[in-house]
Amino acid sequence: MTTGGSAIAHGFPHLDTVRAALTALFRRLSHDTVSTFPTSVLPVDVAFDDDEDLHLGAQRVARAMVRQLHLPDARIVITFREMEHAATVELTAGPEYFVELNDRFRRHRKDIGAALAHEVTHVWLHRLDLSFPGTRDNEILTDTAATYLGAGWLLLDAYREHGPFSQKLGYLTPEEFGYVLAKRAAFFGEDPSPWFTSPQAYDAYAAGRARAEQDARRPPLAGAGWAARLRYAKDRRAAGTAHRTAPAADPGGDYAFESTPGTGTPLRVSFPCPVCCQRIRVPVRGRLQARCGLCKTLLDCGT
């Protein structure tokens with residue numbers, strides 16, 4: 001897990017991997033299991049007083065993360081040492097897991113919860129046998145899972161920039177953390193913004209929320225803006241007259257028309273679900289409702 005010390009990246013450079021991680025979560029867990037995480041870990045459960053014993057307090061916060069992620073019998077043994085990264089976890093068969101935290105957390109206890117959110121999610125993914133190939137993508141999966149399941153808002157709140165001092169934990173950009181938090185907020189109806197103590201974290205959440213809201217305004221969804229609908233209608237006309245398997249697609253990669261010449265099958269359009277990002281395929285026949293088979297969201301469409 002990374003920490004501060006270098007220039008902080010912004011924007012949405014990992015958005016494709018984040019969306020793939022959301023889809024993977026719903027596929028591995030199912031809609032019903034994801035729905036059992038409606039409440040995030042609360043600030044009171046991870047608060048750390050300066051006069052609290054360091055190791056006992058860290059164990060208490062780790063137990064809160066274990067409960068948040070519904071981990072059974074996962075005892076987290078925590079030590080502190082000087083290291084390059086913010087934290088590491090040793091993944092074994094259990095029942096104990098060993099987490100090492102950077103020695104700087106002795107002085108910055110406020111961020112211990114954020115570091116443990118990431119590392120305990122590694123444990124959760126390990127037990128679930130869910131991973132992405134490659135270290136980078138797997139770490140993005142970990143940040144995304146921690147955030148979407150209610151532990152990762154702490155990672156965004158650990159983002160701070162004050163003059164020459166800057167800090168960010170995790171592999172997602174602050175805006176990408178905000179994007180995942182906004183997806184979670186829309187799915188569960190939970191607003192995390194009152195919990196932020198970092199003003200930069202709130203700004204990043206607002207930027208991520210705006211990007212997440214764009215996902216619900218892309219054609220063929222009924223909430224698309226007029227300019228996007230006009231472009232969609234033009235592409236649909238081109239698709240209707242083209243005689244090839246993939247006749248037309250949105251240049252942004254959002255929707256694609258599909259047909260099979262000579263079979264008499266109707267033109268279809270595929271597009272990503274704005275909730276779980278799985279691609280949905282529906283016939284092109286005007287206004288209709290489509291239910292995502294993965295996250296069960298009912299979508300109003302104008303195909």
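Predicted model: local features only at pLDDT ≥ 70, side-chain atom pairs only at ≥ 80, totals over all residues.
Residues are numbered from 1 along each chain as its sequence is written, and side-chain values use heavy atoms, without hydrogens and water. Local features need pLDDT of at least 70, side-chain atom pairs count only at pLDDT 80 or more, and totals for chains, interfaces and linings use all residues.

**Exercise 1.** Determine how tyrosine 148 and phenylalanine 187 are arranged, and where they lie in the chain.

Solution. Rings of Phe, Tyr and Trp (its six-membered ring) pair if their centres lie within 6.5 Å; planes under 30 degrees apart count as stacked, over 60 as edge-to-face and the rest as tilted. The whole structure holds 11 aromatic pairs under a search. In the pair of tyrosine 148 and phenylalanine 187, the centres are 6.3 Å apart and the planes make 45°, a tilted arrangement. Tyrosine 148 belongs to helix α6 (residues 135-148) and phenylalanine 187 to helix α8 (residues 174-188), so this pair links parts of the chain 39 residues apart. Helices here are DSSP runs (H or I, at least four residues), numbered from the N terminus. Tyrosine 148 is buried because its relative accessibility is 1%, whereas phenylalanine 187, at 23%, is partly exposed. Finally, ring pairs join Phe26, Tyr148, Phe187 and Phe188 into a cluster.

**Exercise 2.** Classify the pair formed by tyrosine 255 and phenylalanine 257.

Solution. The ring centres of tyrosine 255 and phenylalanine 257 are 5.7 Å apart with planes at 70°, so the pair is edge-to-face. Both tyrosine 255 and phenylalanine 257 are buried.

**Exercise 3.** Describe the span and the burial of α8.

Solution. The expected span of a helix is 1.5 Å times one less than its number of residues. With 15 residues, α8 extends 21 Å from first to last C-alpha, close to the expected 21 Å. Of these 15 residues, 13 are buried, and α8 is thus mostly covered. Just after α8, a positive phi of about 70° is found at glycine 189.

Note on methods:
Helix = DSSP H or I, 4+ residues; strand = E, 2+ residues; numbered from the N terminus. Buried < 20%, exposed > 50% of the residue type's maximum accessible area, 1.4 Å probe, protein only.
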